[in-house]
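Here are my notes on this model, as numbered points. Have the viewer open while you read, and check the pairs as you go.

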Amino acid sequence: MEKIEEKCLKFVLHYYQQGKLDTRKALQKFRHSHGEVYSGSFVRWYWMVAGIAAMLCIVGGIRLLLHTDADHKGWVKLVAEKFPVEYVLPDSSKVVIYPQSSVRYHLQGYLHHRREVQLEGEVGFSVRHDSLRPFTVIGRLSEVRVLGTEFRVNEVSGDTAFVQVKTGKVRLSSVGHPDAVILTAGMSAQVVKGQKHPQVNGKKKMEKGNFVFDNTPLPKVLEELSAYFHVRLKCENTSKRLTASFKAQSLDEIIEIIEKVLKVKIEKQE
């Protein structure tokens, strides 16, 4: 019981706004309706009900802070004003919307066609896996297509978008441009206004047991992979370049990712 009360207290203190909740007025209103009753059991019952009512009022206040608006065309917009707010999307994916930021999506399109959201500001994502419907985030500068789970996009700055990956893999590109990079857990990158190619941050040229490519020509990529896995990899399209980081575990997975990102077909000869 103490843990529940402590959580409720923290919740109230976090979202409290002066003048929003007046328990004295609520008590006066209750006395006017029910008279003066002060038994111990009643007092405990009253404060339980009052606490629930206060929580409901707070939730109503949070809804005002969040602004879950749906227009007549089926678009839903989620806006956090003063506090970070966690919201569950229709597919059970989660977003954390930071202050003065928003997420917008088309409800029917999201449910039945493609999981796509539009972003302004800074938002964290924890995406539920669905191999048939990739999850796409579109900002003013960046476009992120999810191959994995948790990541964060920050476009608060007007001329730079920052992307950080916590777990899994994401595909990052500049809006309107095909060049993309693959980011894995622990990696970050940025998209600068006016530049077509994302910039990967804090990378080493080569790590033991990993492959790290930074705008590397595809023939060079295939040459390194072929030498490591003792196979021969070929691709007709040799003009592509790759920026990505892979663990040296599954060649088939690496090939699949490269094919999807660069839109090429790679032949493997044992």
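1. A definition to begin with: the expected span of a helix is 1.5 Å times one less than its number of residues. Helices (H or I, at least four residues) and strands (E, at least two) are DSSP runs, numbered from the N terminus. With that in hand, take helix α6, residues 251-262: its 12 residues reach 16 Å from first C-alpha to last, close to the 16 Å expected at 1.5 Å a residue.

2. Some housekeeping. This is a predicted model, where local features need pLDDT of at least 70 and side-chain atom pairs count only at pLDDT 80 or more, while totals for chains, interfaces and linings use all residues. Residues are numbered from 1 along each chain as its sequence is written, and side-chain values use heavy atoms, with hydrogens and water left out.

3. Overall picture: the chain has 6 helices and 19 strands. Of its 270 residues, 37% count as buried (buried is under 20% relative accessible area, exposed over 50%, partly exposed in between, with a 1.4 Å probe and protein chains only). The accessible surface of the chain comes to about 16,700 Å², and 53% of that belongs to carbon and sulfur atoms (Shrake-Rupley method, 1.4 Å probe; for residues, only the protein chains shown count as cover). Among contacts between residues at least 6 apart in sequence, 41% join residues at least 24 apart, where contact means heavy atoms within 4.5 Å.

4. Back to α6. Its buried residues are Leu251, Ile254, Ile255, Ile257, Ile258, Glu259, Val261 and Leu262. What do the buried residues of α6 pack against? The partners are β12, β13 (180-184), α5 (218-229), β17 (232-235), β18 (241-247) and β19 (266-269). Lys263 follows α6 and has a positive phi, near 55°.

5. Now the cores (a nonpolar core being a set of buried Ala, Val, Leu, Ile, Met, Phe, Trp, Tyr and Cys residues joined through side-chain atoms within 4.5 Å). The largest one has 33 residues, of which Val117, Phe125, Phe135, Phe151 and Leu183 touch the most other members. Apart from it lies another core, of 24 residues, and Ala180, Leu225, Val231 and Cys235 are among them. In soluble globular proteins, nonpolar side chains tend to be buried together. As for Phe151, its contacts beyond four places in sequence include Phe125, Val137, Val165 and Lys166.

6. I count salt bridges as a side-chain nitrogen of Lys or Arg within 4 Å of a carboxyl oxygen of Asp or Glu; the structure holds 8. One of them joins Arg115 and Asp91, with the closest N and O atoms 2.5 Å apart. This pair links distant parts of the chain, 24 residues apart: Arg115 is in strand β6 (residues 115-120), Asp91 in the loop between β3 (85-88) and β4 (94-97). Arg115 counts as buried at 3% relative accessibility, and Asp91 does too at 11%.

7. Lys166 pairs with Glu150 in another salt bridge, closest N and O atoms 3.9 Å apart. Lys166 sits in the loop between β11 (160-165) and β12 (169-174) and Glu150 in strand β10 (residues 150-154), so the pair ties together parts 16 residues apart in sequence. Lys166 is exposed, at 59%, whereas Glu150 is partly exposed at 27%.

8. The loop between β7 and β8 holds Arg133, and Arg133 is buried at 17% relative accessibility. The side chain of Arg133 meets that of Asp130 in a salt bridge (3.6 Å, N to O), and a polar atom of the Arg133 side chain lies 2.5 Å from the backbone oxygen of Tyr110. Beyond four places in sequence, Arg133 also touches Asp91 and Arg115, among others. His129 lies in the loop between β7 and β8 (135-138) and is exposed at 62%.

9. Last one: Glu122, in strand β7 (residues 122-126). Is Glu122 buried or exposed? Buried, with a relative accessible area of 15%. The side chains of Glu122 and Arg152 are joined by a polar contact of 2.5 Å (a pair of N or O atoms within 3.5 Å; within protein, one must be able to donate a hydrogen and the other to accept it, and residues adjacent in sequence count only if both atoms are side-chain atoms).
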